[in-house]
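I opened this notebook to keep track of what I looked up, one topic at a time. The entries are for a reader who is new to the structure.

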Amino acid sequence: MPFIRTLAASAALTLATVAPLHAADTAAPGVGSGRPITLIVPFAAGGGVDGMGRLLAERLRAELPQGVVVENKPGASGMLGAQTVVRSVPDGTTLLLGSAGETAINPLVFKGKMQYQPERDLAPIALVARVPNVLVASPKLPVATVQELVAYGRANPDRLTYATSGVGNPQHLNGELLQSLAGIKMVHVPYKGASAQLVDVAAGSVDLTFVSLAGALPFIKSGKVKPLAVTSAKRASFAPDIPAVAEYAPLKDYALENWFGIFVPAATPVPVRQQLAAAIDRCLRDEKLVASLRELGGEVQPMSPDAFRDFIQAQTAVFAKVVADGHITAEN
């Protein structure tokens with residue numbers, strides 16, 4: 001299969017620091033605090049999200065004459081990093097690489113634990129990439145297609161198990177949506193990371209998992225797991241040989257992806273937001289960066305801040321239905 005190459009060196013990218021971006025306490029960007037830009041990545045260093053943030057930050061240096069530093073703040077399902085940005089000075093010097101989790105799904109599943117409200121406290125700047133998951137199966141599971149999986153699930157209720165990185169994340173919602181549309185019942189097995197999920201699926205301890213293609217690729221290429229489908233509405237450009245779940249006609253409405261975008265505190269002045277949005281848009285139209293993000297499993301789709309806000313609202317409605325139908329909560 002002509003799958004993508006892994007981007008092993010992505011996490012090793014270093015970001016040079018040049019002249020700082022100043023806080024926009026006047027209408028003109030570039031006048032104010034004298035602090036460098038910090039891009040908060042709410043996940044651990046060395047993973048695909050971290051690599052995505054470092055790639056964008058590296059390219060951003062060519063657009064804005066500021067120092068750019070990537071800071072990892074993992075914890076609390078991404079909420080620790082998001083909260084750091086919400087509480088930062090709203091001058092355009094602290095950015096969040098936010099995912100669907102901490103900006104759209106978490107308010108639905110952590111209702112009593114949220115210390116910020118994304119719609120109120122964060123301003124969307126740019127969608128960086130949509131990241132479909134890939135559904136992979138154990139070699140021991142006697143299915144090779146989504147159609148066969150559905151038939152097996154109907155014949156064996158409560159027998160199928162699927163692993164995810166935790167309650168309420170996009171992987172979990174992928175599984176819940178599949179159950180709902182297919183009319184099957186699976187057992188959710190939450191893990192703390194994708195590597196352990198894939199190891200156990202390869203060993204047959206768990207039947208299925210939904211993970212990023214970049215994470216699954218080594219297991220797919222070695223034949224340790226079987227790729228069944230991607231979770232986007234259509235096939236991913238970087239994995240055209242893997243069908244979409246929706247290609248199986250009874251599941252034609254299946255589509256649920258993770259995504260990542262740039263956010264700033266809501267009080268950040270409009271001129272600064274516009275400056276950042278324009279710079280990031282130029283970055284995302286660079287063919288080299290687009291190719292690198294595809295290697296990490298991301299489909300680049302530039303859009304304006306207003307379009308990104310509308311996108312988030314539409315996606316939140318999709319997530320809300322899945323959460324409600326599955327009675328998903330992370331508060332217990």
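The entries below go from the cavity search to the aromatic rings and then to the backbone.

**Ground rules.** I am working with a predicted model, in which local features need pLDDT of at least 70 and side-chain atom pairs count only at pLDDT 80 or more, while totals for chains, interfaces and linings use all residues. Residues are numbered from 1 along each chain as its sequence is written, and side-chain values use heavy atoms, with hydrogens and water left out.

**Cavity.** I searched the whole structure and found one cavity of 30 Å³ or more. On a 1 Å grid over the protein atoms alone, a cavity is a set of points where a 1.4 Å probe fits but cannot get out, and its lining residues have an atom within 4 Å of a point. The points are joined across faces, edges and corners, and the volume is the space filled by probe spheres set on them. The largest cavity holds about 40 Å³ of space, and I listed L39, L56, A57, L60, V68, L95, I262 and I280 as its lining. Helix α1 (residues 48–60) gives the most to this lining, with three residues; helices here are DSSP runs of H or I with at least four residues, and strands are runs of E with at least two, numbered from the N terminus.

**Aromatic rings.** I then looked up aromatic pairs, which are rings of Phe, Tyr and Trp (its six-membered ring) with centres within 6.5 Å, counted as stacked if the planes are under 30 degrees apart, edge-to-face if over 60 and tilted otherwise. The structure holds five such pairs. One of them joins F263 and F308, a tilted pair at 5.4 Å centre to centre with 50° between the planes. Because F263 lies in strand β10 (residues 258–265) and F308 in helix α11 (residues 305–326), the pair ties together parts that are 45 residues apart in sequence. Both F263 and F308 are buried, where buried means under 20% relative accessible area, exposed over 50% and partly exposed in between (1.4 Å probe, protein chains only). I also noted that W259, F263, F308 and F311 form one aromatic cluster.

**Backbone.** Most residues other than glycine have a negative phi. I noted S77, not a glycine, with a positive phi of about 55°, in the loop between β2 (68–72) and α2 (79–86). S77 is partly exposed, at 43% relative accessibility. D158, also not a glycine, has a positive phi of about 65° and is found in the loop between α5 (146–155) and β6 (161–164).

Conventions
On a 1 Å grid over the protein atoms alone, a cavity is a set of points where a 1.4 Å probe fits but cannot get out, and a pocket is an open set with protein on both sides within 12 Å along at least five of seven lines; lining residues have an atom within 4 Å of a point.
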